[in-house]
Structures are given as structure tokens and as C-alpha cells.
Amino acid sequence: MAGLSLRGVKKVYPGGVTAVEGADVEIADGEFVVLVGPSGCGKSTLLRMVAGLEEISAGEVAIDGAVVNRREPGERDIAMVFQNYALYPHMSVRQNMAYGLKNVGMPKPEIAARIDAAAKVLQLGELLDRKPRQLSGGQRQRVAMGRALVREPKAFLLDEPLSNLDAKLRTHMRGELKELHQRLRATFLYVTHDQVEAMSLADRIVVMNAGRIEQIGAPREIYDRPATRFVAEFIGAPQMNFLPGALLDETVAAIGLRPEALSLGGAGEIRLEGRLRLVEDLGADRFAHIGLGEAGPTVIARAAPGASLAPGDAVSLSAARAAIHRFGEDGRRIG
Amino acid sequence: MVENRPFLSFLTHAALILGVAFLCFPVWMALVASTHGAEALSRAPIPLWFGDRGWENYAQLLSGGLPEAGGVPVGRMMLNSLVMALMITVGKIAVSILAAYAIVYFRFPFRMGFFWIVFLTLMLPVEVRILPTYDVAVRLGLLNSYLGLSLPLIASATATFLFRQFFLTIPDELVEAARIDRAGPMRFFRDILIPLSRTNIAALFIILFIYGWNQYLWPLLVTTEERFATVVVGIQRMTNTGEALPVWHYIMGTTVLAMLPPVLVVLSMQKLFVKGLVEQEK
């Protein structure tokens with residue numbers, strides 16, 4: 001296991017499109033780092049450059065201190081889990097896992113021992129002699145993970161590994177993945193567009209937008225102190241409410257308030273009046289959409305449990321001034 | 001359509017049975033004719049049921065030389081046909097799968113140019129380029145050899161195109177996974193591409209084997225010695241008896257024998273063949 005460092009890594013496609021502009025990320029040994037961003041933000045390209053599947057236009061990728069820019073993917077001592085798993089369809093699960101080891105000339109008993117160990121960790125025991133097409137989505141995902149595991153690589157690279165699973169299974173596999181990381185203490189670099197996955201899995205999150213890194217930080221830090229308006233919008237569901245600064249006597253261009261920072265009724269330092277438009281009941285939480293004035297913006301607030309709400313009601317909102325996120329004209333955080 | 005109308009299903013069955021009978025009748029006639037003597041066949045009405053000369057006819061065909069066919073036993077002709085058909089089939093598949101591999105997976109200058117050149121040869125079957133090809137074959141000293149019989153028929157645009165289309169459907173992720181698993185180009189080809197193309201190869205094998213087996217014009221041209229005659233050419237020779245009566249019982253017997261290897265190939269590989277045409281392992 002080892003750390004990864006990306007120094008000024010840049011990707012310019014022939015034709016001049018810049019997919020990643022100078023990314024600097026230091027990943028410590030054993031850290032779980034999630035690259036998150038909307039589609040087309042360059043997160044997958046960045047991961048593929050680390051894997052060696054994409055050429056690096058400028059900058060350096062170092063794995064365990066050694067610059068690997070010129071090394072083939074197979075020589076970088078990494079393992080990758082693909083979005084569609086990329087299992088070899090004609091090989092059994094066992095053969096799929098053994099293939100990479102066989103290619104480096106590992107002796108058979110050791111291959112078998114590693115497969116047994118990985119199968120135990122991932123509960124693949126009875127599946128070893130099946131073909132990928134005889135497996136369910138979740139099982140395929142586990143096999144793809146197993147294929148990465150047996151390599152005992154310096155780092156695991158995962159490219160949206162859960163996005164092909166249904167919602168329930170995704171939550172389940174997310175838990176398994178987190179547990180697996182805690183057990184292995186290996187370096188994980190994980191790409192996703194799902195901010196929930198990012199928040200729940202990561203030790204640190206790298207938020208990307210349009211080829212640039214917007215912010216790097218622990219999930220809590222990113223949630224509590226988003227560095228830019230983009231990060232504030234992207235992380236958190238329902239997303240942060242944005243209001244013109246002037247509305248609350250602030251001098252900044254825009255202010256943001258998380259739905260849970262707004263309470264219905266109550267007595268905060270800030271008060272807003274509006275009319276209830278609709279209520280989303282998600283079971284654990286209820287979110288009230290409130291229109292501020294006739295043509296004013298709509299804000300979302302988390303409603304306290306038990307309160308009776310009906311669309312059309314006049315409601316008042318309150319919040320603490322400390323809960324306000326302030327953003328300047330350029331979208332950067334102020335204060 | 002699920003309809004339960006007895007008359008309609010009777011009609012469709014009748015039409016299908018009629019079609020099958022229509023297709024099978026000539027085969028039946030050949031089979032029947034090969035069991036009669038020469039006299040029985042030259043008289044009207046032609047027999048529609050088996051005669052009693054079957055064993056003799058086939059024994060004569062397989063072992064003894066027929067003067068009508070240049071004195072070469074049919075067994076020998078079938079062997080020639082088999083060698084030619086197999087060389088063409090294996091050669092075509094090997095050349096075209098490698099060509100398609102190069103075109104799909106490697107970046108080299110004029111890649112698409114080469115592809116289109118290969119593709120254009122679709123318009124140049126042997127029949128069109130027969131004179132220049134014959135000239136080349138003569139200069140290379142390929143007349144009267146197995147190589148001469150098969151080599152000019154080996155290049156195949158169709159098979160190259162088919163493999164190319166199949167390779168394009170293989171997800172990039174699989175190629176990338178193989179790269180991470182340290183499979184070099186040859187390993188990837190051998191361990192991943194060929195096993196995945198198995199059903200395609202089988203389907204092509206059948207089509208190309210029959211194509212090779214049925215070759216007529218080129219073998220006729222490039223072989224002058226009787227010992228290289230193929231069975232299709234042999235049948236033609238037997239019918240060219242000039243003044244004498246054609247030996248229909250032998251001709252039909254040879255025809256039946258000539259039908260056997262393609263039938264065997266189709267029967268033994270039809271499961272893979274159907275799979276290759278309709279489904280793809282992904």
C-alpha cells in the first residue's frame with residue numbers, strides 16, 4: 001500500500017479540449033479519497049490518468065513516490081474496478097481473478113491462496129466456478145472488487161463502481177465497500193457523481209467542476225464550509241438555498257442557507273415571511289418549499305416533525321446568522 | 001402472433017411441407033439414382049425408389065478409378081476437396097481475424113485506408129480477376145498444387161468486415177481491464193479476443209467451408225493433373241462423356257458423396273452457428 005500524488009496533472013485532448021487543468025492532490029497511504037463532480041467535469045479522466053489508461057498531457061503522477069507517467073497500466077501496481085465491471089465473459093470467476101496474476105507468472109499455489117483469501121473476504125465462495133453472466137449485478141460488482149483485491153495493489157482505483165446497481169443494492173454495497181476499506185486500510189481513489197456516495201465513503205472529498213478542482217477536504221468540512229458556490233450547490237440534498245445578499249442586509253453577492261438551518265416559525269436572528277408551496281415527505285424528513293413573496297425565490301426548509309403543514313399556509317422562517325454561507329461575485333466563499 | 005385457427009395452421013404447415021419437399025426432391029432423386037444401374041436410369045420412367053446396386057456403385061466410386069473421371073477414385077477427389085476447403089477456411093479465418101485485430105486495436109498510419117482497400121476487394125471475387133490471378137499463380141509455380149488451389153481464395157473482405165464489426169462491439173473497458181491485468185497485445189488476442197469470437201469463428205467456418213468445398217471455376221483452371229481434381233470438378237468431368245451415355249448412377253453417387261462433408265460440418269457445428277448468428281456473449 002502506498003500514497004498517491006498528483007502534481008499539476010493536466011489533460012488536453014488533441015483538438016484542444018482541456019479535460020483536466022492542473023490537478024494537485026496528495027493522497028496519503030490508506031486514505032479513501034472520492035473524486036466527485038457532475039458528468040464531464042474530468043473526474044474520470046483524472047482517474048484514468050492515474051491508472052495509465054489515458055496519457056498525461058502535463059504534470060506528474062507518482063505512486064508510492066515513484067513517477068509513473070511513462071509506465072503501462074499493468075506496471076503501475078494499481079487495480080481498477082470499472083463501472084460495468086469489465087469481467088471477462090468467457091472466464092469463470094476464478095479465472096477472472098487469476099488472470100492478472102497468471103500474466104505476471106505468479107506460481108499457481110499462491111494464486112489459489114490469494115483467490116481463496118479474497119473469496120472469503122467478499123463471500124464469493126460458491127460463485128468461483130460461475131461465469132459472469134450467471135451472476136447478479138451485486139455479485140458481479142463483488143467479483144470485480146475481488147479481481148482488484150487479489151492483486152494486492154498499491155492503490156485501488158474505482159470508476160463509478162456502484163452506478164449500475166439499483167438504489168437499495170447501492171446502499172448495501174456502499175456499506176460493504178466502506179467496511180472493506182476499513183479492514184484493508186488500503187489507498188482508495190473513487191470516482192462518483194453521487195454526492196451521497198462521496199459524503200458517506202470518503203475520508204477526503206475532491207470536488208471537481210469543468211476540469212478544475214473546486215475544493216479538497218473532509219466530508220464534514222466540505223459540507224460545513226464549501227469553498228465555492230458550486231461546491232455548496234453540489235454537496236447536500238436538497239441543495240442549499242441561495243438568496244441575494246441584500247435580502248438579509250448582507251453586503252455580499254449571494255448568501256446560502258442549508259435547508260436544515262432554516263426552521264419554520266421559531267425565533268432566530270433572521271426572519272423571512274412566505275407562503276408554503278408544497279411539502280415533500282421523505283419519511284425521516286419533511287421538506288417544505290416556501291415561496292418568499294408573490295414572485296420571490298423559493299426556499300426549502302426542513303420541517304420539524306409533527307408540525308401540521310398545508311400548501312397555501314403563510315409561514316415564517318428563521319435562522320441563525322452564524323448559519324449563513326456568504327459568497328462573493330466570483331462565487332468564492334467569503335468569511 | 002398467437003392465433004388459434006386450425007385452418008391457418010394447416011395452411012402454413014402445408015406450405016412449409018411443400019417447400020421442404022420441393023427442396024428435398026432433387027436430393028432424393030440423386031440418392032435413388034445412385035442405387036441403380038446405368039440401364040435403369042436411361043429408361044423412362046425414372047425410378048423413384050431405391051434399386052439394388054447401391055453397394056456396388058459406391059464401392060466402385062470410392063476405390064476403383066472411373067475412366068469417365070480420369071481414373072481417379074472419388075475418395076481421392078474428396079480428399080483433394082477437403083484439403084482445399086480446409087486450407088481456404090482456416091486461411092481465411094486466420095488472415096481476416098488478424099487483419100481485423102490490427103484495424104480495430106492498433107493506431108497506424110492509413111489505418112482506415114487499409115480497411116477500405118480490404119473492403120474494396122469485395123468487388124473483386126476470383127471470377128473477376130481470374131486472368132491476372134492465374135498469371136500470378138503460374139509465375140509462382142502454383143499450378144497443380146494444394147497451395148495453388150487455396151491461396152488465391154484466402155483473402156476475405158467479408159470475414160475481415162465481420163470480425164471488425166464484432167470487435168467494435170467489445171467494450172473498451174474489457175480492453176482496459178486486460179491492460180491493467182498486464183495482458184500484452186498477443187496475450188489479449190489469444191486469451192480474450194479469440195475465445196470471445198468463438199461463435200463467430202464457428203459461423204464463419206461453416207460458411208467458408210461450404211464456399212471452399214463448392215469452388216468450381218478456380219480448381220478447374222489451376223489443376224490440370226487428375227490427381228489434384230476436386231470432387232466438384234470430378235462431377236463435371238463425368239458428365240462430359242461426349243458420345244457415350246452419361247454414367248448417371250456414378251454421377252449421382254458422387255454427388256451424394258460430395259454432399260456429405262458440408263452436411264457433416266453443418267450438423268456438427270449448427271448449435272454454435274446459430275449462436276454465432278443470433279447472440280453475442282457480452
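A:F287 lies in strand β15 (residues 286-291) of chain A. The model is predicted. A:F287 counts as buried because its relative accessibility is 6%, where the cut-off for burial is under 20%. Leaving aside neighbours within four places in sequence, the contacts of A:F287 include A:P238 and A:P259. Further contacts of A:F287 are made with A:L278, A:V279, A:E280 and A:L282. A:I300, A:A301 and A:R302 are also in contact with A:F287. A:G268 lies 19 residues from A:F287 in sequence, and the C-alpha atoms of the two are 19 Å apart in space.

Confidence in chain A was examined next. The mean pLDDT of chain A is 90, and 100% of its residues score at least 70. Within chain A, strand β3 (residues 32-36) has the highest confidence, at 95. The lowest is found in strand β13 (residues 263-264), at a mean of 86.

One open sheet of chain A contains four strands, ordered β2-β1-β4-β5. Its pairing is antiparallel. Strands β2 (18-27) and β5 (66-67) of chain A form the edges, and each pairs on one side only. Inside the sheet, β1 (residues 4-12) and β4 (residues 58-63) of chain A are joined by five bridges in the antiparallel sense. Opposite A:L4 stands A:I63 of β4(A). Strands of a sheet pair through backbone hydrogen bonds, in either a parallel or an antiparallel manner.

Another open sheet of chain A also has four strands, in the order β11-β12-β18-β19. Here too the pairing is antiparallel. The edge strands are β11 (241-244) and β19 (333-334) of chain A, each with pairing on one side only. Strands β11(A) and β12(A) run antiparallel and share four bridges. A:L243 has A:I255 of β12(A) as its bridge partner. Strand β12 (residues 254-257) of chain A also pairs with strand β18 (residues 325-327) of chain A, antiparallel, over three bridges. In this pairing A:I255 faces A:R326 of β18(A), and A:A254 stands opposite A:F327 of β18(A). Both faces of β12(A) are covered. A:A254 and A:G256 are buried on one side. A:I255 and A:L257 are buried on the other.

Chain B has 14 helices and zero strands. Its pattern along the sequence is α-α-α-α-α-α-α-α-α-α-α-α-α-α. The radius of gyration of chain B is 24 Å, whereas a compact globule of 282 residues would have one near 19 Å. Along the principal axes, the C-alpha atoms of chain B fill a box of roughly 75 × 65 × 30 Å. Of the 282 residues in chain B, 41% are buried. Chain B exposes about 15700 Å², and carbon and sulfur atoms supply 72% of this area. Among contacts in chain B between residues at least 6 apart in sequence, 73% join residues at least 24 apart.

Helix α3 (residues 54-62) of chain B shows how burial is arranged around a helix axis. B:G54, B:N57, B:Y58 and B:L61 are buried in this helix. These residues lie on the same side of α3(B), because they cover an arc of only 90 degrees around the axis. An α-helix has 3.6 residues a turn, so residues three or four places apart point the same way.

Terms used: Residues numbered from 1 in each chain as written. Chains lettered and ligands numbered in written order. Predicted model: local features only at pLDDT ≥ 70, side-chain atom pairs only at ≥ 80, totals over all residues. Heavy atoms only, no water. Buried < 20%, exposed > 50% of the residue type's maximum accessible area, 1.4 Å probe, protein only. Helix = DSSP H or I, 4+ residues; strand = E, 2+ residues; numbered from the N terminus. Arc of directions from axis to C-beta. pLDDT = per-residue confidence, 0-100. Rg over C-alpha atoms; globule rule 2.2 N^0.38 Å. Contact = heavy atoms within 4.5 Å. Areas by Shrake-Rupley, 256 points an atom, 1.4 Å probe, with all protein chains shown as cover. Pairing = 2+ DSSP bridges.
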